[in-house]
Amino acid sequence: MTVATYPDNNTILDIVNLKTYFYLEAGTVRAVDGVDFSLKRQQTLGLVGESGCGKSITAMSIMRLIQSPPGKIVDGQINLYTKEGEGVDLATLDPKGAKMRAIRGAEIAMVFQEPMTSLNPLYTVGRQIAESVELHQNVGRREAMERALEMLHKVQIGDPKQRLNEFPHQMSGGMRQRVMIGLALSCNPLILIADEPTTALDVTVQAQILDLMRQLQADFNSSIIIITHNLGVVSQLADHVAVMYLGKVVEYADVEEVFHHPLHPYTVGLLNSVPVFGKKSGQVLVPIKGMVPSPMSEIRGCAFAARCPRVMPICREQPPALGEVAPDHRVSCLLY
Ligand SMILES: Nc1ncnc2c1ncn2[C@@H]1O[C@H](COP(=O)(O)OP(=O)(O)OP(=O)(O)O)[C@@H](O)[C@H]1O
Ligand SMILES: [Mg+2]
């Protein structure tokens with residue numbers, strides 16, 4: 001276990017040059033290929049980017065839930081700062097060891113992209129929440145079940161006493177997602193990672209879940225990483241945004257900067273390709289041309305060069321590095 005030095009009092013999680021590859025017979029999938037971002041205390045970070053850019057694998061790497069083989073964290077650091085002056089690099093821990101098991105759930109909890117596959121169909125939702133509380137908080141069965149009831153109440157599930165004894169399949173998608181959030185928050189984690197928590201839900205339920213997350217963040221003082229394709233969700237919830245492209249963070253800044261002064265041509269493209277809240281109603285939507293290259297291909301220069309409207313000859317030769325262009329605003333582009 002490596003002890004990292006504390007970057008500043010506000011940082012709770014600092015990801016440095018994280019690389020997670022999958023070694024397949026057909027070749028190496030560089031799913032996460034040098035991700036850098038940091039999460040500040042009690043803040044929400046939005047992790048955005050097109051499908052396949054490595055958002056979920058970044059989250060699974062932080063949780064140390066990458067199946068190995070074929071997956072492996074091959075480089076980088078995942079520094080978690082739980083208390084002042086001391087950090088632990090999660091990338092160095094044994095994923096099955098006691099330390100990582102204690103961190104999973106109690107320090108960092110995750111709401112997965114598909115709630116149906118992450119809730120156990122054989123147990124009542126009450127049992128599942130209570131079990132997690134028992135495991136992490138050293139309390140007896142009765143108290144754990146009481147805590148489960150309290151959590152269902154907190155995530156605003158109607159008739160929680162009755163629902164405690166139901167199985168996941170007896171609930172609607174929105175309700176299951178609430179249960180997942182309740183389960184994740186039941187041990188009062190420092191960090192909540194929510195992977196597309198609203199994508200499978202209809203628009204009204206989406207709005208309710210977002211409201212709920214906002215409220216819970218205030219109640220629990222957690223830091224949140226919210227993973228989504230939906231820039232509207234980001235604009236409503238996030239304090240900071242990390243934009244990913246093909247396994248890398250290409251831009252990181254606070255939410256105002258990203259929406260009003262985006263610098264990376266990919267971020268600009270993303271913002272122009274979707275309707276964004278607060279923009280003039282006459283906004284013309286322009287899709288980004290071309291396709292995301294395969295994460296198996298070797299790219300010499302910038303991975304976005306082939307699609308970039310502002311590409312320069314050097315972009316095809318030299319890979320850009322993520323550099324600070326203004327305070328708290330980092331971009332990986334040779335234009336800057
Ligand atoms: N178990 C695996 N084996 C091989 N490749 C994988 C595996 N899991 C993910 N990948 C690949 O890693 C890349 C990143 O996947 P990831 O799931 O992180 O994308 P994502 O950004 O979460 O996309 P989405 O928005 O669709 O959820 C993709 O190219 C994906 O095909
Ligand atoms: Mg995903």
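Start by selecting ligand 1 together with the 15 residues around it (those with a heavy atom within 4 Å), among which Ser51, Gly52, Lys55, Ser56 and Ile57 come nearest. The model is a predicted one, in which local features need pLDDT of at least 70 and side-chain atom pairs count only at pLDDT 80 or more, while totals for chains, interfaces and linings use all residues. Residues are numbered from 1 along each chain as its sequence is written, ligands are numbered from 1 in the order in which they are written, and side-chain values use heavy atoms, without hydrogens and water.

Next, show Gly52, where a backbone N or O atom lies 2.8 Å from an oxygen atom of ligand 1, and then Ile57, where a backbone N or O atom lies 2.9 Å from an oxygen atom of ligand 1. At Lys55, turn to the side chain, which has an N or O atom 2.8 Å from an oxygen atom of the ligand.

Now colour β2 (11–24), β3 (27–40) and α1 (55–62), each of which supplies at least two residues of the shell around ligand 1; α1 gives the largest share, three residues.

Then move to the largest nonpolar core, a set of 35 residues in which Ile181, Leu192 and Met213 have the most contacts; such a core joins buried nonpolar residues (under 20% relative accessible area, 1.4 Å probe, protein chains only) through side-chain atoms within 4.5 Å. Finish at Leu192, which touches (heavy atoms within 4.5 Å) residues including Ala109, Val111, Met213 and Ile225.

Definitions and conventions
A polar contact is a pair of N or O atoms within 3.5 Å; within protein, one must be able to donate a hydrogen and the other to accept it, and residues adjacent in sequence count only if both atoms are side-chain atoms. Helices (H or I, at least four residues) and strands (E, at least two) are DSSP runs, numbered from the N terminus. Buried means under 20% relative accessible area, exposed over 50%, partly exposed in between (1.4 Å probe, protein chains only). Lists of a residue's contacts leave out its neighbours within four places in sequence.
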